[in-house]
Amino acid sequence: MRVRKMILAPAALAVSALLAAGLATQLGQPPAAPPVWAGDYDVTAGPPEMIAPGTVVEQGPPKGWSHLVIKSLPRVRETETGRVPAVPLIGRNLTVRMAGWMFTAFTADVTRESPGPAAPYRLRAVGLGLGAHGTNGDTVVTTETASQNGVQMDWIKRQVLDTGYKIQGQAVIPARGPAFALIDTPVIVRCANRNRMVRYRYALLANPETGALDVLLWVLGAEGGECGDLTRAVQLEPNCVDKAELIPDPTEFNGPRPSDLSFAVDKLPPHRVEMVLPPELRERAARTRFAPDEARALETDLRKLIVGHRP
């Protein structure tokens, strides 16, 4: 029996070595070269750019960006203002006003790969920012740059802005290609009679020939998958301006100031079409980590989905 084991051991090692090598040297052939597009896809998760403070964002693309993906103007829904607790030292009315004091901006920059009219368009960057009404209009600011842009600050506004940037700082780009990017952003939504932090996933697909940008959105859900919806996606309106109506959760007003979950939305942003995500696409649509071929396959499938829903 011992001799048999000694004979089998080298054989098992040889088989394992062949499997590990993927039979790359079978028949003397070298390993297959990676596809030429493999290096085009960055699947190392990273943050989006920050829109520069001082950038004015109105109803279209701000300076330095080719597209306004979405501008959100949160406001407490009129029928819900009575449910906002009177926070100590602040009161109900001021709390309602502060919930709508700040706007959020999401931009994209699609540019030609190189000079010349024949060069393809590429998705250069994705940007996020927060701001308020200043001297020149709705302006992206930080607490450090607010006053120089005509945005008057006090301790409440500083808290609102700093909290907003803390939440927005959790946004991540899990995969991107030359004309494609996924961006996951945290959003407080109303789910099962509670306000929950979930992830919205945006897919940005630039047209390499025209520079046009299609934006799809679906809901990944909370950390455990709750409150998600992978059965459908929506295509946002161009230059989408979302007058986001907020729903208060009175249970989240414990203490001298509202919590991060005090206000939530219960509707998706304005969109031109809603589409069913095919079952075979949902697994890739839910991934948080990608290999280059998986990112490319998702981009290809999403482009086909958009074409199938064009008027």
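Me: Is Tyr202 buried or exposed?
Reply: In this predicted model, Tyr202 has a relative accessibility of 5%. Buried means under 20% relative accessible area. Tyr202 therefore counts as buried.

Me: Which parts of the chain does the pair of Phe253 and Phe263 tie together, and how many residues apart are they in sequence?
Reply: Phe253 and Phe263 form an edge-to-face pair, with 5.5 Å between centres and 90 degrees between planes. Both Phe253 and Phe263 are buried. Because Phe253 lies in the loop between strand E13 (245-248) and strand E14 (263-265), while Phe263 belongs to strand E14, the parts tied together are ten residues apart in sequence.

Me: Which residue in E8 is the bridge partner of Arg176?
Reply: Strand E7 (residues 172-177) and strand E8 (residues 180-191) run antiparallel and are joined by four bridges. A hairpin of two residues connects E7 to E8. In E8, the bridge partner of Arg176 is Ala181.

Me: Over which ring does the charged end of Arg124 sit?
Reply: A charge sits over a ring if, for Arg, CZ is within 6 Å of the ring centre and within 35 degrees of the ring normal. The charged end of Arg124 lies 5.5 Å from the centre of the ring in question, that of Trp65.

Methods:
Residues numbered from 1 in each chain as written. Predicted model: local features only at pLDDT ≥ 70, side-chain atom pairs only at ≥ 80, totals over all residues. Heavy atoms only, no water. Pairing = 2+ DSSP bridges. Buried < 20%, exposed > 50% of the residue type's maximum accessible area, 1.4 Å probe, protein only. Phe/Tyr/Trp six-rings, centres within 6.5 Å; stacked < 30°, edge-to-face > 60°.
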